[in-house]
Amino acid sequence: MSTALHKYDRLEATAIWRESKDAQRRDVIVSIGDATLVISDLRDRALTHWSIPAVRRANPGERPAIFHPDGDAGETLEVGQDEVEMIEAIEKLRTAISRRRPHPGRLRFGIFGVGLVALAALAVFWLPGALREHALRVAPDAIRQDVGASLLKHTTRVTGQACDGPLGEAALRKLEKRLGVKKLMIVTSGVREATVLPGGTVLLNRATVEDFEEPDVVAGFIIAARLATGDPLRQLLENNGMRASFRLLTTGALPDDLLRSHIENVVLAQPERPNNEALIDSFKTQKVRISPYAFALDPSGEDTLALIEADPFAVTPEPVLTDGEWVALQGICDG
């Protein structure tokens, strides 16, 4: 797939974009990004990014070609009949990505089929709490990854595309390994500090790496967000009622309107800070100093004095990142 993307990484075309059904059409430039279509204005300012796997064509075989994001037919991109190479590139990439994407297998549907039989046999599972707990128990990691990817697709509309400077990316992978995080992504807006998605992806605001002097601070934001969120899929189901649990059990997916609502109400909101005792224990387990994080929350130290005084380490036993890696990570959004 990377070979196919590289083939088109310099391809651009003019097109007409409409943000919504009632919005005005405007001339734009469309180009191929990292598994995305990048739609920019005529001054080369990015307006939006579409995930290529989620791009749908409204008029197959016709010209001009009209594309739209999956689940949002009101937002359209019209690529003129003269832009043959761009139209063919979009179609080839959609096909290539679709072939390589993991497809739900019989085992996954078998698990949910057994769940449905259990639901029919035991009426107690229809109670909202029990239904949610059952959905969480039987949801395999593949389902959690799918839900997280779907959320991320909608979140990108608010946060913009993740920063991806090559040296910073290497430092980000090191930070993932150091803290046991499945995937870290740094975004330019939307997220207040750190947000955890189902499947294990953590979104970080660029300020968490750019505004502080040492990597222990960003490590602290990650530790606190993961502790506050717990199981992000549980949080999603708890905030969206029995409908969400039932849809997840029966289809293995969640509807776009529910995901958008969750992003607006929870994912992009300021997370509650865990209690001090839980925070201190988590920092101790991760072998990270807590005082840099405490001063980041309150530079005076007055409101976080209990955390500062309880710091289990005078020096971080295992450095979060080297000085060079930290500098590289701080510049990840500059490329």
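Select strands β6 (residues 65-69) and β7 (residues 76-79) in this predicted model. The two strands run antiparallel, and 3 bridges join them. Now click I66: its bridge partner in β7 is E78.

Strands of a sheet pair through backbone hydrogen bonds.

Move on to two helices. Select α8 (residues 215-229) and α11 (residues 276-286). Their axes come within 10 Å and cross at roughly 125 degrees. Helices α8 and α11 are therefore oblique to each other. Their crossing is right-handed.

Show the side chains at this contact. From α8, pick G220, I223, A224, R226 and L227. They meet A278, L279, S282, F283 and Q286 in α11. The residues of this contact divide into 6 nonpolar, 3 polar and 1 charged.

Last, colour by confidence. The mean pLDDT of the protein chain is 83, and 86% of its residues reach 70 or more. Which elements mark the lowest and highest mean pLDDT? Helix α3 (residues 106-121) has the lowest, at 52, and helix α12 (residues 291-297) the highest, at 95. Then select residues 120-126, where the pLDDT is below 50. Beyond near neighbours in sequence, this stretch has 10 contacts in the model. Where pLDDT is low, the predicted coordinates should not be read in detail.

Technical notes
Residues numbered from 1 in each chain as written. Predicted model: local features only at pLDDT ≥ 70, side-chain atom pairs only at ≥ 80, totals over all residues. Heavy atoms only, no water. Axes fitted to C-alpha atoms, helices over the stretch in contact; angles between N-to-C directions. Helix = DSSP H or I, 4+ residues; strand = E, 2+ residues; numbered from the N terminus. Parallel < 35°, antiparallel > 145°, perpendicular 65-115°, else oblique. Left-handed = near helix turned anticlockwise from the far one by under 90°. Contact = heavy atoms within 4.5 Å. Nonpolar A, V, L, I, M, F, W, Y, C, P; charged D, E, K, R; others polar. pLDDT = per-residue confidence, 0-100. Pairing = 2+ DSSP bridges.
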